[in-house]
Structures are given as structure tokens and as C-alpha cells.
Amino acid sequence: MSAPTRETGSATTGRGARVEVRGVDQRFPAASGEVHALADVSLDIAPGELVSLIGPSGCGKSTLLRCVADLVQPTSGEVLVDGQSARAARLAHRYGIAFQAAGLLEWRTVRRNVELPLQLHGVGKAERRARAEHLLELVGLADVADARPSQLSGGMQQRVAIARSLAEDPPLLLMDEPFGALDEMTRERMQAELLSLRAASGTTVVFVTHSIPEAVFLSDRVVVMSPRPGRVVDVVPVTGEGGLERTGDVREAPAFFDRITAVREALRGGSDDTGGGRGGVEDR
């Protein structure tokens, strides 16, 4: 595979973007002095695209995701979702979000956990029940709709959390290491289910991970970030012309290993460019 094009500080598709990040800089006050988390990050993500953010621990990839979600406001720069500010997009329920911890409410059934965002926004009982049942069917959990979260495995709980994040049919799904706490076999099943869910819903996905194979398996493009302050140092295309085809046993395809090598080399290059950094990335 030819080396991916290096794009310092930016990652654009040239298409109409669902997410636009423009020159985002993020600094946080800290007892030991200011923490510079992100430096001049620009990124476009097209409708229907699945893009992973990968980089060393502490590089700011989760901070970038939270800027898109309007959970953190950039020190400078701009984030747009479908042409709206991140704040307007959040208020309009334009995205769903899933974290590593499923965060389900134990006193509610699986169905009622999925219904929760709809209930909070005043959707009627019949409509929210129908929507929850549709989503539970989509993630393969219709048969446990009346169970409590404690009765489910970790992977099943995470599927409920993903269904809940899709309750309001958002065009964008933000995922911050949602499979990081799962065992390897469950993690691979969840990865395959996410791809099926995305194909069925057409949702755009921004996915934070430490795992190079996970990023390659899931993504159309992998955005590689440097050690703190996080910058975009490379963008590795995975699918597209001459890229990975999601047929058969993808994880055994030569193109799969080519892309893993490209991401690994980009990560090493990013560390060299910035003088190294703390933390690491899973290479498994």
C-alpha cells in the first residue's frame, strides 16, 4: 500500500461535511499550570462516514469528541454539526453519544432505559415504546426488553446504551471507547454489530479508540493524533478505491494488515514530530 498523505493539522474530505472542526485549540487550567490539550485541529467528516480518532493516551482525542458534543467549549476555533454550532446541534438533539461505561439505570427495564431520552423530551408513551422496541430489535435485544441491566452481560449492556444513543434518530453518533472494557471476543462481536447498525441506519459515526485493529476494522478513515497538544498528523484512508473491502474475513485480508501498518507508522511519525509523549496505543 502506498503511504497515506500527511496532512498536518487538518483532515478534509472535499465533500459536504456533517462535522466541521476549524482551528480548534483547547487549553485547561491545572494546579501545575495550563494544560494544552488540542492545537489547531481541523477536521471534516462527511455524512454517513465512520471516522476513528486514535493517538497516545492524553493526546486530546476524547477532548475533541467532547468539543463536537458541546460538552467542552474550545478555547478558540469553531465546531459545526450540519452547519450549526455545536451548542445548537446539542439543543436540537442532532447527535447521540456512547461512552465506555454503559451508564444504564438499574431501576428501569432495558426498554425504559432506551426510552429515557424520548421521555425527557416529552415524547408520548406509545411513540417512545414503539421506537425503543424498534431499536432493541435492531441491536438484537428485543427478547430482553423487560429485563434489568444487572441481568445482562457487559456486551448486552453496551448494545442497550447504543440503542439509547440512537433513540432520537440522530444523524451523528459520538462514541468514546465504547468497547474498551469488553473481553476480546465480545469486543469483536460488538464491532461487527456496530458496522451492521451503521449500514442499517446511515448514521455518521465518530469513534475514539486506543486499538489500531479496531480503528482499521471499523473506519472509512483513521485520523491519527500526536501526543499532547493533540494535532492531526496523518489521515489513513481505509475504504475506497484500492482499500479494504468489508467482505469475508476482513481481519485476514492483506489490505487489513496494510492499513494497520500505515496507522502504526503514522503514530510513530507523530511521536517523532512532537518529541515523543506519554501513554500508548493498543496494537492488537
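**View 1. An open sheet of six strands, ordered β6-β7-β8-β3-β9-β10, shows mixed pairing.** Strands β6 (95-98) and β10 (232-237) stand at the edges with a single partner strand each, so one side of each has no neighbour in the sheet. From one strand to the next the twist averages 15 degrees. Strands are DSSP runs of E, at least two residues, and helices are runs of H or I, at least four residues, both numbered from the N terminus; two strands pair if DSSP finds at least two bridges between them. The model is predicted: local features need pLDDT of at least 70 and side-chain atom pairs pLDDT 80 or more, while totals for chains, interfaces and linings use all residues. Residues are numbered from 1 along each chain as its sequence is written, and side-chain values use heavy atoms, without hydrogens and water.

**View 2. Strand β3 (residues 50-54) is largely enclosed by the rest of the structure, because five of its five residues are buried.** Buried means under 20% relative accessible area (1.4 Å probe, protein chains only). Leu50, Ser52 and Ile54 are buried on one side of β3, and Val51 and Leu53 on the other.

**View 3. Strand β3 pairs in the parallel sense with β8 (residues 204-208) over four bridges.** The bridge partner of leucine 53 in β8 is valine 208. Four bridges also join β3 to β9 (residues 221-225), running parallel, with valine 51 opposite arginine 221 of β9.

**View 4. Helix α6 (residues 184-201) lies across β3, β7 and β8.** The helix runs at about 140 degrees to β3; axes are lines fitted to C-alpha atoms, for helices over the stretch in contact (heavy atoms within 4.5 Å), and angles run from 0 to 180 degrees between N-to-C directions.

Definitions and conventions:
Buried < 20%, exposed > 50% of the residue type's maximum accessible area, 1.4 Å probe, protein only.
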